[in-house]
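Okay, thanks for coming, everyone. Let me put the structure up, and then I'll walk you through a few parts of it.

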Amino acid sequence: MIPVLLLVALITFTLMHQAPGGPWDRDPSRRQVDASTQEALNKKFGLDKPLFVNIEGGNPLDSQFFTYVGNAIQGDLGPSYRQRGRDVQDILFEPPKGKAIWDSRFGYSMRLGLLALILAALLGIPLGILAALRRNTIFDYSALFVSTIGISVPSFVLAIFLIIILAGQLNLIKIIQRDWSSPGAWLVPAVVLGFGTFAYITRLTRNSMLEVMGQDYVRTAKAKGLGGRVIITRHMLRNALIPVMTIMGPALAGLITGSFIIETMFGFPGSGREYVTAIGNRDYSMIMGTTLIYALLIVLANLTVDIMYGFLDPRIKVK
Amino acid sequence: MTTTAQTQTPSAKSASAAETAKVLSRPSRSFWRDAWSRLLHNKAAVAGALVILFFMFVAIFAPLLAPHNPLELNSGKGFLPPMWVENSSTGKAGTPEFILGTDNLGRDVLSRVIYGARVSMVVGFIPTLIIVVVGVSLGMISGYFGGSTDNLLMRLTDIVYAFPDLLFFIIVMTALRATALGQFLNGLFLLFVALALVNWVGVARLVRGQVLSLKEKDFVLASRAVGAKDTRIMIRHILPNSLGVIIVAMAFLIPGAIITEAILGYLGLGLRPSTDPTDIFITSWGSMLLEGQTAINNQPWILLAPAIAVALVVLSFNFLGDGLRDALDPRLRE
């Protein structure tokens, strides 16, 4: 995991340094920093050091890259190139004055992702179970059709349709929502964001149920004369839901890191929209920092799959 | 064939047996013919294929099909609603001249969507071709010879897998956009490279897995016993047998690439919108989404038209992909 993150950092760092501009010279709306101040600032932030390896003597690790990684480990992602005076981690994680941590940019994204995942699981798991139990009926086919659409149609297309219908035609929601304190405002973005995950969970649950239904222990349970409900809850679900449970971590990470388009479309004040703004402004340090945090989240989530399997299925041991 | 050979005796009993055998036997059909007929029986897949063919036709003949020049600015005719709307929120009425209306600069939306099909088709097919060529060759070599090449390749794929795709595309496109590489083909070339860099891994792994199981099969052993060389075994025996898996993988890679282009275009990182009428690639569906974003109330069709187009193409590829998977490998049927 650590080598992977280091590599992500290395690739991101290298590519970002190919990009034109630096922290002090890209904001035409403000007074430009003169050369001597730039030099002093470069010295202060270590930008006068060699990029990767210090071969001029001294500590070979005394370079910009290793300084960046070292600082990042301590939670310092460096100053934003565009929002002067603010560090990247402050923009992402610092809540407005007097508010709790979940009112920070990242907190907003996390709550939206969680809501989307909860909606997706609450609808997807029962739908998948019912589809499997009523295999090859109209119900099953409709569930499969909906999940095929959900898996293939990208969420931003769905967002466009919903915004135009709900906001443009029916006036049920505002096109640009400014007040995110009411839970109703969260519903539409969460539904759009979670639709693909809902479709995936439905399909996974259905397939996993179908597999379990053919197992010998289910037949044994039937042979013992157990009632249908007991077999479904005690014997089938317990096993069928293992793969569904294990994807929850990666699904949540995917929803949090993948929400930037939805956030931008709905004007949602999360870290994703901040990321898109940073891309538009070419705020390289912000792009880099956010990418690293997103990568960390995804790598961590993938790690949870292995750990979860160890807990839920004792046959698999984590080594 | 064996039944007909056994029934060549002149007794009456076996003559009737020969007749039965004649009825039962049919001209031998190859695997591909079988798969083709299975595919034709899948309505969703056929519909998907037809839609894809339609969009390919539109992409190729865009200049003939587009009612207007997609770059032509019709001053005073900005934000016209589609032709069936008589009174839009801006107080304008649609005209049959601009079927889907116009954008803020008075450019014809339908013509722009038609030209956008070019980018999506090219972004779908060209990187996928590169990916397949690179992925298949590396996967074959790695799986067939094993050893340290294989090890190295697998470590490489681990790393690429760990990097979140979309983040990688965003980083590459932002960082290298201003360079010569990023300007080539209005930025499309860089997008091809980025897509190929990430996606060859999946194909290579898939093919490697196929090769690992195929190279133990008897027909490979037989071919080697006759004296066939490694390259001949790979090209004549293993490749044709992995083709089904490769085709299915392609059918799912293409819509993925199209979605990626649309997302990057929406972020302003895809195709650079062109103002040069001699360009082949003028606008993309993703760029249209970005342009139309501010006009949701005035002229939603700037957004709706490319969104519908993306949804249609991507759904079609998915239906076709599902159909191909069922047709080429009936064991995988869900």
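Going from the N terminus, the elements of chain B read α-α-α-α-α-α-α-α-α-α-α-α-α-α. That's 14 helices and zero strands, where helices (H or I, at least four residues) and strands (E, at least two) are DSSP runs numbered from the N terminus.

Quick housekeeping. This is a predicted model, where local features need pLDDT of at least 70 and side-chain atom pairs count only at pLDDT 80 or more, while totals for chains, interfaces and linings use all residues. Residues are numbered from 1 along each chain as its sequence is written, and chains are lettered from A and ligands numbered from 1 in the order in which they are written.

So, chain B. Of its 334 residues, 43% are buried; buried is 20 or more other C-beta atoms within 10 Å of a residue's own, exposed is 12 or fewer, partly exposed is in between, and C-beta atoms are placed from the backbone. Now contacts, meaning C-beta atoms, placed from the backbone, within 7 Å. Among chain B contacts with a separation of 6 or more, 71% join residues 24 or more positions apart.

Have a look at α13(B), residues 285-292. Seven of its eight residues are buried, including Trp285(B), Met288(B) and Leu289(B), and also Glu291(B). What do those buried residues pack against? They sit against α6 (109-145), α12 (230-266) and α14 (301-328) of chain B.

Next, where the two chains meet. Chain A puts in 37 residues and chain B 34. On the chain A side, α1 (2-18), α6 (138-152), α7 (155-169), α13 (271-281) and α14 (284-312) each supply at least two residues, and α1(A) gives the most, with eight. By class, that side has 26 nonpolar, ten polar and one charged. Nonpolar here is Ala, Val, Leu, Ile, Met, Phe, Trp, Tyr, Cys and Pro; charged is Asp, Glu, Lys and Arg; the others, Gly among them, are polar.

Last one, a helix pair in chain A. α9(A) (216-223) and α10(A) (228-246) pack at about 155°, axes 10 Å apart. The axes are lines fitted to C-alpha atoms over the stretch in contact, with angles from 0 to 180 degrees between N-to-C directions. The two helices are therefore roughly antiparallel; the cut-offs are under 35 degrees for roughly parallel, over 145 for roughly antiparallel, 65 to 115 for roughly perpendicular, and oblique for the rest. Tyr217(A), Val218(A), Ala221(A) and Lys222(A) of α9(A) meet Ile231(A), His235(A) and Met236(A) of α10(A). That contact has five nonpolar, one polar and one charged residues.

Notes:
Two residues are in contact if their C-beta atoms, placed from the backbone, lie within 7 Å.
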